[in-house]
Amino acid sequence: MSFFLKAGGLVGLAFVGGAAVALAPPELNDKAADIAAAYGLRSDCVIKGNVSIGSREKIYHVPGQEYYLATNIRTKYGERWFCTEADARAAGWRKAGR
């Protein structure tokens with residue numbers, strides 16, 4: 001993921017399923033949407049697909065869940081971003097309990 005400053009905040013640019021996606025912290029989501037629209041990108045792929053270190057279980061986190069902000073996506077371990085919960089479930093991931 002690369003980062004750039006735009007519209008007064010830090011925004012990330014990620015590639016999700018071959019498509020470029022603009023990401024931002026929750027307080028900047030409105031700005032991320034504007035930036036994404038300006039560059040023809042999506043800004044709604046905020047579901048974090050995390051692989052458990054111990055069990056290797058695939059677990060996804062949605063904004064507002066207890067560990068969402070602490071969860072980092074490390075693509076070298078097979079972790080990824082999802083645009084919808086249905087996409088995550090279809091790929092074999094389960095929702096985090098908290």
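**Close-up views of a predicted model**

**View 1. Tyr60 is a buried residue.** Its relative accessible area is 1%. That value counts as buried because the cut-off is under 20%. The structure shown is a predicted model. Tyr60 sits in strand β5, which covers residues 58-61. Beyond its neighbours within four places in sequence, Tyr60 is in contact with several residues, among them Ile47, Lys48, Gly49 and Gln65. The list of contacts also includes Glu85, Ala88, Arg89 and Trp93.

**View 2. Tyr60 meets Glu85 and Trp93.** The side chains of Tyr60 and Glu85 are joined by a polar contact of 2.8 Å. Trp93 is another contact of Tyr60. In sequence, Tyr60 and Trp93 are 33 residues apart. In space, their C-alpha atoms are 6.3 Å apart.

**View 3. Phe82 and Trp93 form an aromatic pair.** The count for the structure is one aromatic pair. The ring centres of Phe82 and Trp93 are 5.3 Å apart, and the ring planes stand at 70 degrees, so the pair is edge-to-face. Planes over 60 degrees apart count as edge-to-face. Where do the two partners lie? Phe82 is in strand β6, while Trp93 is in the loop between α2 and β7 (94-95). The pair therefore ties together parts that are 11 residues apart in sequence. Are these residues buried or exposed? Phe82 is buried, at 1% relative accessible area. Trp93 is buried too, at 5% relative accessibility.

**View 4. Lys48 lies over the face of Tyr68.** The distance to the ring centre of Tyr68 is 4.3 Å.

**View 5. Cys45 and Cys83 form a disulfide.** The structure holds one disulfide. The two sulfur atoms are 1.7 Å apart. The angle about the S-S bond is 75 degrees, and the link is right-handed. Which parts of the chain does the pair tie together? Cys45 lies in the loop between α1 (29-39) and β4 (47-51). Cys83 lies in the loop between β6 (80-82) and α2 (85-90). The pair therefore ties together parts that are 38 residues apart in sequence.

Conventions: Residues numbered from 1 in each chain as written. Predicted model: local features only at pLDDT ≥ 70, side-chain atom pairs only at ≥ 80, totals over all residues. Heavy atoms only, no water. Disulfide = S-S within 2.5 Å. Helix = DSSP H or I, 4+ residues; strand = E, 2+ residues; numbered from the N terminus. Phe/Tyr/Trp six-rings, centres within 6.5 Å; stacked < 30°, edge-to-face > 60°. Buried < 20%, exposed > 50% of the residue type's maximum accessible area, 1.4 Å probe, protein only. Lys NZ or Arg CZ within 6 Å of the ring centre and 35° of its normal. Contact = heavy atoms within 4.5 Å. Polar contact = N/O pair within 3.5 Å; in protein donor to acceptor, adjacent residues only side chain to side chain.
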